[in-house]
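Let's take a walk through this fold, starting with a sheet and moving on to the helices around it. Have the viewer open as you read.

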Amino acid sequence: MFIVVLAIVSLGMARCWYAFRDRNPGYTLDLNIDGDVAESDPRPLRAGFGRVNISPDLSDPERPVWMAGFGNHRAATAIHDDLWAVACVIDDGHTRVGIVALDAIGFFHDDAIRVRQRLRPGWGIDYTIVCSTHNHSTPDLMGLWGPSPLQSGVDPDYLERVIDAAVEALGIAVSILQPVRVRFHEIPMETDGLVADTRLPEVFDPDIRLMHFTLASNGGTLGTVVTWGNHPETPWSRNTEITADFPGFLREALEHGVRAEGRLVEAGLGGTHLYINGAIGGLMSTTPEVSVRDPYLDREFKEPSHEKSRAVGRQLASRILPRLWESSAGGVASLPISVRARTIELPLENAGFLLAPVLGVIDRGHLGWRTLRTEVALLTLGDVSVACIPGEIYPELVNGGVERSPGGDFDIEPLELPPIRELMPGRIKFVFGLANDEIGYIIPKSQWDRKPPYLHGSEKPVYGEINSVGPETASLIHAALRELAR
């Protein structure tokens, strides 16, 4: 009996070691690239874009593709529209930054490191950012949405394909680097009829921010980087068709224009376009209760559908396209790039996230028991800044509005002050969510709530904490960004 017990204990310890081992031992990023050299020695700004199809193969019924988001055992039945890895590379003549946006639910930090490790040295990329759109109609890349709660939904071969596609897209972008001009835009947006905040306090990050790269030679559009804050889960939980959701419809409209009833009603820009999500915690979503009007068809869509996703994408396009057509000329032909990026450690206090690796559901590296590694970064592009945040951050942490919530577990005044955008330099301040990791919700500690009494008199627990690393996460990320901003 003793030998059997010892064997079981040993097996359990081995499984625990395997689950929480460091998959990139010794990897620590402490990157400081100052833009002073580029400012004193300005050179032509160059940019390139690339994209690679990452739609899954649904041809083998013996290998179902498990769709991420909502619940388990949701197998994909068809591909409605393709998924993509889209890349942009920006070069100021001294520093080169690569950005990849994946049509994916999430991409762990270990996998972002693997992308960096596969880049060719000759490409000269100094820093790479890999973001996920957090799309709920894509294959599971995290493990949580397999055939059962105890089985991973990740197909290792598909994950490898996505990593290689991110690398390939960056390589394409590098291969076509060319002189450009860039303009940065901040476009006000209302939230009514588009986005609901499903948790109090109601705080949004409603506006569109974008980078528009035009060819220095003829002014034509090379591409854009667009950010906005909303969960791509518009077709909702019963959908079993792979789709890029509203980011895909937005990209299509920006490139090819908008057709309604067989005729072109809004011209496209050409080029290649990235969509990167912003502050979507809280939770920002186009729920089934939200009716969305397609501005080109003048029709309302309330029931979850691909048509409703298209309407969301077209709402964004209807603001972006006129602005870019009006301001396609001009922009700056050189600007200094600076990069500050740090590896940080977070205490892992979520019991489910601790158990999942042991069961083989989540496969991501850890620095040790109850500690995981992630990353934050702050970039500046001339008078514009970009905060790279490794998960779904609550908008109140970004824009202000963190409160001491009645019923919160800690009953403390807000800790994460001032809001992140006040810390950031520059004229326009981008937030790249799910950047180089997906750690889940990033919740202000003063709003953390797992125990009764529940927030704002609720009779049941609020949603969010179940998919968060722990109550210290927001404070640690805020402190790291504050340090980078200095």
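## Ground rules

Two strands count as paired if DSSP finds at least two bridges between them. Strands (E, at least two residues) and helices (H or I, at least four) are DSSP runs, numbered from the N terminus.

What you are looking at is a predicted model, in which local features need pLDDT of at least 70 and side-chain atom pairs count only at pLDDT 80 or more, while totals for chains, interfaces and linings use all residues. Residues are numbered from 1 along each chain as its sequence is written, and side-chain values use heavy atoms, with hydrogens and water left out.

## The five-stranded sheet

In what order do the strands of the open sheet lie? The order is β1-β18-β19-β20-β22, and the pairing is mixed. At the edges sit β1 (30-33) and β22 (428-432), each pairing on one side only. From one strand to the next, the twist averages 15°.

Now follow the pairs. β1 runs antiparallel to β18 (residues 337-347), with four bridges between them, and N32 has R340 of β18 as its bridge partner. Helix α10 (residues 473-485) packs on this sheet, touching β18, β19 (371-381) and β20 (384-388). The direction of α10 makes about 155° with that of β18; such angles run from 0 to 180 degrees between N-to-C directions, with axes fitted as lines to C-alpha atoms, for helices over the stretch in contact.

## A closer look at β19

β18 and β19 are antiparallel too, joined by eleven bridges, and V339 faces L379 of β19. On to β20: five bridges link it to β19, again antiparallel, with T380 partnered by S385 of β20. β19 and β20 make a hairpin with two residues between them, and G382 in the turn has a positive phi of about 65°.

Is β19 enclosed or open? Ten of its eleven residues are buried, so β19 is largely enclosed by the rest of the structure. Here buried means under 20% relative accessible area, exposed means over 50%, and partly exposed is in between (1.4 Å probe, protein chains only).

## α3 and α4

Helix α3 (residues 109-118) is mostly covered, with seven of its ten residues buried. Among them are H109, D110 and R116. The cover includes β6 (127-132), α4 and β19.

The axes of α3 and α4 (residues 156-175) come within 9 Å and cross at roughly 45°. That makes α3 oblique to α4 (under 35 degrees is roughly parallel, over 145 roughly antiparallel, 65 to 115 roughly perpendicular, and the rest oblique). On the α3 side, the contact (heavy atoms within 4.5 Å) is made by D111, R114, V115 and R118; the α4 residues include E160, I163 and D164. The contact residues divide into six nonpolar, no polar and five charged.

## α5 and α6

At what angle do α5 and α6 cross? The axes of α5 (residues 245-256) and α6 (residues 306-326) cross at roughly 45° and come within 7 Å. Residues in the contact include F246, F249 and L250 of α5, and V312, G313 and L316 of α6. This contact divides into ten nonpolar, three polar and two charged residues.

## A loop residue

L417 lies in the loop between α8 (395-399) and α9 (420-423). L417 is partly exposed, with a relative accessible area of 42%. Leaving aside neighbours within four places in sequence, L417 is in contact with H478 and R482.

Definitions and conventions. Nonpolar A, V, L, I, M, F, W, Y, C, P; charged D, E, K, R; others polar.
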